[in-house]
Amino acid sequence: MEKTNWIGGRPTGSPIFEPNVNPAKLDEVIGHYAWATVEQAAEALAAAREALPGWAASNPQTRSDILRRVGDELHARAEELGALLTREEGKTLREGIGEIRRSAQIFHYASGEPLRNGGECLPGLRDGTTTMVTREPVGVVSLITPWNFPMAVPAWKTAYALAFGNTVVLKPSETTPGCAWELADILHRAGLPAGVFNLVMGDGRTLGPVLVDGADAVSFTGSPPVGRAILERTVARMTKVQLELGGKNPLVVLDDADLDLAADIALQGAFHSAGQRCTATSRIIATRRIHDAFVERLVAKVRAMRVGDPLDARTDMGPVVNQPQLDKDLRYIAIAREEGAELACGGQRLDANGYFLEPTLFIGTDNDMRINRDEVFGPVASVIAVDDLEHAIAIANDSEHALSSGVVTQGLVAAETFRRRSRAGLVMVNAPTAGIDYHVPFGGRSPSGYGGREQGSAAVEFFTEGKTAYINHGVTA
Ligand code: NAD
């Protein structure tokens, strides 16, 4: 099955089609996807530019209706598209279906934004004047997305970009183009005018520079090095940019924690979706008094995880996404052992026709080890023992990342102290570091995030520009 790009409202082929392979069954090709050329990326930007005035001026009800229809179709097809997501990315079917449902909810929520996009009207400070503050679309936006949430990240960028009247060129990850293709197909059938949304699939290093240089704004989610390269390019042109990057997220477990709850939270945060979430727990910081009892509970739960075919309802963890990611996970497992970390469980690749790795937990680690500094982005976590809350906060904040953090405690004072002093953009109390709501702002502090938060009430900041108007109408009565 060949899947084309979408440029100017038309399916557009390419000289190159690449296979999309199931990471759980390496002989299963899901489809062949067109890799756009640089010229086609430029055509997509031109189509978005041409469509911009019409879409920016379109009736808010029209935009709202289209976005709602997209959400309706995603919801109706959640099981089918969830299975596609699982086959191309490797997360479990339950997680795959959940991600499609979440994407539907995002479109439904964003469908209200065209109607909510008000402004402010204030009395002018000169007699007979009024000031108005309104918001306008930024223009043509390039959206560049990663493989780990192949539907949700394209959904949360696209839905808000379109809601506020921008036109879009989406470049999904070359590893998981299938969900983005389905989204493009749904958007077109939902009634979007030609050129308002364009899809170009393929190699980021080739297409990235064109997409960054030709847009009025760039919203990127992905790895820190690529984010930094995009930032440098946009700075030179003073282009608006938003970056959502990596994490090295700490979960603190304090003396007074409910240890069964703490073990469940750590397990969920570290190993669901095979640890391939930017918000995944990777540093588990436990106070010495409960350290051994907590680790015992956690190790038992990790050992009980079923790793296997993600389409099987009994599976807890599927494969990692591809060979480079598996190699990286195994490399960091070796580095941790060389640095003196103690392997509590896991660590081995499974002998199967896919990229399966045991969920892996290290203990006896300290925060200077590379396993605790670098983002691994796999089912690999480590435990660091600390003295008390103060020590835990210092270790949690001692990181080059500041995306998500969590604390497990029954103490209100400890929870509030951690909430205030954590440097992360997201703080979880008695909840996993991963797993977010769609109606509230999401993102990390620099260098995990840059250029403003995404979703909820924050989305308007990035996807619109403010305009302050001074109107001298002369009416004073
Ligand atoms: P990646 O940086 O390799 O790729 C992301 C996207 O950038 C892909 O579409 C890729 O083709 C494109 N790209 C590659 N080189 C480019 C270039 N030079 N210019 C422009 N685009 C280019 O990341 P990945 O491996 O797909 O995803 C994993 C990373 O994403 C992890 O670091 C993870 O933490 C991060 N992530 C962050 C969040 C968040 O919200 N903070 C969410 C999900 C994933």
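Strand 8 (residues 140–144) and strand 11 run parallel and are joined by four bridges; helices (H or I, at least four residues) and strands (E, at least two) are DSSP runs, numbered from the N terminus, and two strands pair if DSSP finds at least two bridges between them. The model is predicted, so local features need pLDDT of at least 70 and side-chain atom pairs count only at pLDDT 80 or more, while totals for chains, interfaces and linings use all residues. Residues are numbered from 1 along each chain as its sequence is written, and side-chain values use heavy atoms, with hydrogens and water left out.

Strand 11 also pairs with strand 12 (residues 240–244), in the parallel sense, over five bridges. Together with helix 9 (residues 224–237), strands 11 and 12 make a right-handed β-α-β unit; right-handed means that, with the strands pointing away from the viewer, the path from the first strand over the helix to the second runs clockwise.

In a regular strand the side chains alternate between the two faces of the sheet. In strand 11, A217, S219 and T221 point one way, V218 and F220 point the other way, and all are buried (under 20% relative accessible area, with a 1.4 Å probe and protein chains only). Because five of the five residues of strand 11 (residues 217–221) are buried, the strand is largely enclosed by the rest of the structure.

Buried residues of helix 10 include L259, A262, I265 and F271. Among the elements that cover its buried residues are strand 13 (249–253), helix 11 (288–303) and strand 18 (404–408). At the N-terminal end, D258 caps helix 10, with a side-chain oxygen 3.1 Å from the backbone nitrogen of D260. Just after helix 10, S273 takes a positive phi of about 55°.

Elsewhere, three strands form an open sheet in the order 6-7-21, with antiparallel pairing. Strand 6 (120–123) and strand 21 (464–472) stand at the edges, each with a single partner strand, so one side of each is left without a neighbour in the sheet. Four bridges join strand 6 to strand 7 (residues 129–137), and M132 in strand 7 is the bridge partner of C121.

Technical notes
Buried means under 20% relative accessible area, exposed over 50%, partly exposed in between (1.4 Å probe, protein chains only). Contact means heavy atoms within 4.5 Å. A polar contact is a pair of N or O atoms within 3.5 Å; within protein, one must be able to donate a hydrogen and the other to accept it, and residues adjacent in sequence count only if both atoms are side-chain atoms.
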